[in-house]
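Welcome! Here is a short tour for anyone meeting this structure for the first time.

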Amino acid sequence: MIAFLKGNFVNKTPANVIVEVQGVGYDVQISLNTFSAISQLDHGLLYTHLQITENAHTLFGFATVNEKLLFLQLISVSGVGASTARMMLSGMRPEEIVKAIVQSN
């Protein structure tokens, strides 16, 4: 498992970032929360989750450990996939999602 990537942010969009680590470029899917956190940075660290399916190997990146942990909890719910979890994290801050779940909203 790839726990984190630390390197240069070569290209950033609201949906993904290419992180260059010792000459290798990693295409990492991110949420809008993570994009906001790294948008002004040229380099840094992203906590990651590698999802392996029969069709692809997809690397998801998070600015904080808490965002990564919430993502992992969300994808463990039946019917919630990685894309849905990423969209949820793009629409709300992690603490807002937790509050909504606790309040059954």
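The protein chain carries 6 positive and 7 negative side chains, and the centres of the two sets lie 6 Å apart. Here Lys and Arg count as positive and Asp and Glu as negative, while His and the chain ends are not counted; each charge is placed at NZ of Lys, CZ of Arg, CG of Asp or CD of Glu. This is a predicted model, in which local features need pLDDT of at least 70, side-chain atom pairs count only at pLDDT 80 or more, and totals for chains, interfaces and linings use all residues. Residues are numbered from 1 along each chain as its sequence is written, and side-chain values use heavy atoms, leaving out hydrogens and water.

**Overall build**
- Four helices and five strands make up the elements of the protein chain, and from the N terminus on they run β-β-β-α-β-β-α-α-α.
- These elements are DSSP runs numbered from the N terminus: helices are H or I with at least four residues, strands are E with at least two.
- Along its principal axes, the C-alpha trace spans about 45 × 35 × 20 Å.
- Of the 105 residues, 32% count as buried (under 20% relative accessible area; exposed is over 50%, partly exposed in between, with a 1.4 Å probe and protein chains only).

**A look at helix α2**
- In α2 (residues 65–75), the buried residues are Glu67, Lys68, Leu70, Phe71 and Leu74.
- They cover an arc of only 165° around the axis, which puts them on the same side of α2; the arc is that of the directions from the helix axis to the C-beta atoms.
- The exposed residues Asn66 and Gln73 sit on the face of α2 turned away from its buried side.
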